[in-house]
Amino acid sequence: MPNLQTPLSQVSFIEKKYLPKLEQLGIKSVRDFLYFFPHRYDDFSKITKIAEIKEGETATVEGKITDIQSIRTWKRKMAITEALIQDKSGSARVLWFNQPYIIQNIKKDSSVRMSGKVSWDKKGLYLSSPAYENANRVPTNTGRIVPVYPETRGITSRWMRWKISQLLKKYLAEIGEVIPNAILKRQKLIGAQEAVRELHFPTNFEKVKESQKRMAFEEMFLIQLVSARARKDWTTSQAIALDFDDKLVKDFVASLPFKLTDAQRKSTYQILKDIEKPHPMNRLLEGDVGSGKTVVAAIAALETMMAGYQTAIMAPTEVLAIQHFETFKKVFKNFSQKVGILTASQCRTVWKKNTRKNFLGKIRRGEIKILIGTHALIQESVEFKNLALVVIDEQHRFGVEQRAKLQKAAANLKDNLKKTVPHLLSMTATPIPRTLALAFFGNLDLSILDELPKGRKKIITEIVTPANREKVYEFIRSEIKKGRQAFFIFPLIEESEKISGKSATAEHKKLSEEIFPNLKIGLLHGRMKPKDKEEIMNNFKEKDLDILVSTSVIEVGVDVPNSTIMVIEGSERFGLAQLHQFRGRVGRSDHQSYCFLFTDSVSATTNKRLKALLESEDGFKLAEKDLEIRGPGQFIGKRQSGIADTAMQHLSDVKLIQQARIEAQSLFEFDPKLNQFPILKNTLEKFDKEIHLE
Ligand code: ADP
Ligand code: MG
């Protein structure tokens, strides 16, 4: 019985020496191989009469070989095989360079089909190193739309085509239909077997599209099912219900130095309403940079604290954890002894440093009510007394794996309320377009801060070419004289031979010695010791430094309102979303802010990206633009998320995502265990293990 799970090592017609190479491509079983799709196609479907081939075209011809011989050029020692091919209309020369074995493969008088580029030399037109095959064979390499596979050293597309065509013969019938029939019909999708066959050996390009769409739908459909199930699991578990204390919240909000924006109010309300329930919240707070997510989280933490429970707040970097700690210290003046920070290098409350052991004890006994930190928070040694709320800041900065672990760790926390799961609030400043958010965080509720605090001035953004550098430096000098500060961002930490980027370290030296010798310039990068980082950040906040030179470390969250200038070197190297994040570091005070995008590049897409930044300040709009320009890959790591390439291409297809979601939800409601759909059930089990959702 043919079986898709059969390892390729047991398939007689796959030569052993190819196994390791296939494995490098992630191909181990028959199924892997059948689902390894071409990345593009050559259209060799039209057969041209030999008399009608034209120089510069790629042509497919069919005819008889009337002559074939090897020639060795004495000048360049190149092996050339020269042949003559003839059909009813005429004949043409064929030349293969450095493929001496050709002469064994093509015999005089045989009928051959070949596809290749038509070139010209002093003897006239010829076909240059064409793909070829016996004309009596089913067209595989020529005479059709030909698949081109991502190649690895030692594996050619020609070989792949040959093997896949053999595999299809034997195993295609074994591919089961994952998508229930009714859905296939409703969504007008082609079947799995047809799609697989067409993707490898398409009848026409229409079919390629239909097949890709079908694959994309399948992937999306599975994701949505996993997510519907996760949502159900999550919402049926128990959590601590935290009373909505109206007065407490009102008093706190009144004590803030600013008025909450409507978006902040609305999101806060949604969160407080969620955590009031005895089932865990699972909410994503999406808000553009500077939209004020921290204070929203703080209100939720306050309510948790006043109800007597603990909150854990996790940030991706130490710099950010420290900054949150400082903020919380301030806004919770009266309770600041209950706020603690835990990172790899420090553990302390506001008042004093603690030994680690001592500090962990305070967490365990519940004396620390709000614990802020990095990954250190999810170490085994950290035990909470009664954790009721977990906040993950800049959640997209945690890998998919890490996030899953965080969530699981949170769910397994050893508290005295063993059966409860903490409420979970994830926050992100990468504004993911709503459709994508729905696609990938389908099991989360969404709160959106789509409004910046009032009074923020528009940040003046400019693209700066090398010719205008000096002018900008001069401008920066004058702004700093007025008391402002500036960020300089560089793409790399240290000179690397491979990537000729300007390193922050070297540039720091240059800036402080040559360009701004009279200014105080600090350096911050990811490889520095946490203590040094904190010191530099503090110096910058306290205005002891005029300029902070940094790598992308400061991308997330850093808040220094007096800093009004953001210079981004090599700006063409960063994605739109990231550039927008950098820019969001300024424009946080009443002073006019500026963002200078330094670039040496003149490439078209780069400019498209940089220009988009000039045109819009709206993170959500920019995200959509980015989706358009670069595809969805940058929002969700490709491999990470386990999304097949074919599916990725269709992810900007909003309708497809929505349809998949609707179908998945109604199917899940109709038959949550999927008992009536055994193939789907089976596939989903495997799929579930491979992908991780929030
Ligand atoms: P982000 O959403 O990027 O995490 P933060 O929470 O760091 O933003 O807030 C950015 C800055 O805006 C902080 O200095 C914060 O004190 C301030 N802020 C937050 N909400 C408001 C508001 N409603 N009005 C004015 N300033 C605010
Ligand atoms: Mg933030």
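## Helix packing and buried positions in a predicted model

Helix α11 passes helix α17 in a right-handed crossing, where a crossing is left-handed if the near helix is turned anticlockwise from the far one by less than a right angle, and right-handed if clockwise. This is a predicted model, in which local features need pLDDT of at least 70 and side-chain atom pairs count only at pLDDT 80 or more, while totals for chains, interfaces and linings use all residues. Residues are numbered from 1 along each chain as its sequence is written, chains are lettered from A and ligands numbered from 1 in the order in which they are written, and side-chain values use heavy atoms, with hydrogens and water left out.

**Overall composition**

- The secondary structure of the protein chain comes to 24 helices and 21 strands, counted as DSSP runs numbered from the N terminus (helices are H or I with at least four residues, strands are E with at least two).
- Of the 694 residues of the protein chain, 55% count as buried, where buried means under 20% relative accessible area, exposed over 50% and partly exposed in between, with a 1.4 Å probe and protein chains only.
- Among contacts (heavy atoms within 4.5 Å) between residues at least 6 apart in sequence, 71% join residues at least 24 apart.

**Helix pairs**

- Helix α11 (residues 318-331) and helix α17 (residues 530-541) pack with their axes 10 Å apart and at an angle of about 55°, which makes α11 oblique to α17.
- For these values, axes are lines fitted to C-alpha atoms, for helices over the stretch in contact, and angles run from 0 to 180 degrees between N-to-C directions; angles under 35 degrees count as roughly parallel, over 145 as roughly antiparallel, 65 to 115 as roughly perpendicular and the rest as oblique.
- The contact between this pair brings E318, V319, I322 and Q323 of α11 against P530, K533, E534, M537 and K541 of α17.
- Helix α6 (residues 192-200) and helix α7 (residues 205-236) have axes 9 Å apart and pack at an angle of about 130°, so that α6 is oblique to α7, and their crossing is left-handed.
- On the α6 side, A192, E194, A195, V196, E198 and L199 meet K207, V208, S211, Q212, R214 and M215 of α7.
- The buried residues of α6 are A192, A195, V196, E198, L199 and H200, and these pack against α2 (30-34), β1 (40-43), β7 (145-148), α4 (157-171) and α7.

- Helix α15 (residues 469-481) has 13 residues that, at 1.5 Å a residue, should span 18 Å, which agrees with the 19 Å between its end C-alpha atoms; the expected span is 1.5 Å times one less than the number of residues.
- In α15 the buried residues are R469, V472, Y473, I476, E479 and I480, and they cover an arc of only 120° around the axis, which puts them on the same side of the helix; the arc is that of the directions from the helix axis to the C-beta atoms.
- An α-helix has 3.6 residues a turn, so residues three or four places apart point the same way.
- K471 and K481 are exposed on the other side of α15, whereas the cover over its buried residues includes β16 (460-464), β17 (485-489), α16 (504-515), β19 (547-550), β20 (563-568) and β21 (594-598).
- Just after α15, G483 takes a positive phi of about 105°.

**Helix α18**

- Six of the eight residues of helix α18 (residues 576-583) are buried, so this helix is largely enclosed by the rest of the structure; the buried residues are L576, L579, H580, Q581, F582 and R583.

**Individual buried residues**

- K163 lies in helix α4 and is buried, with a relative accessible area of 3%.
- Not counting residues up to four places away in sequence, K163 touches F13, I14, E15 and F33, and its C-alpha lies 9.8 Å from that of L34, although K163 and L34 are 129 residues apart in sequence.
- V390 has its place in strand β13 (residues 387-392) and counts as buried at 2% relative accessibility; V390 and I370 are 20 residues apart in sequence and 9.9 Å apart in space, C-alpha to C-alpha.

- K543, in the loop between α17 and β19, has a positive phi of about 65° although it is not a glycine, and K543 counts as partly exposed at 43% relative accessibility.
- L674, in the loop between α23 (654-670) and α24 (678-690), has a positive phi of about 60° although it is not a glycine, and L674 counts as buried at 2% relative accessibility.
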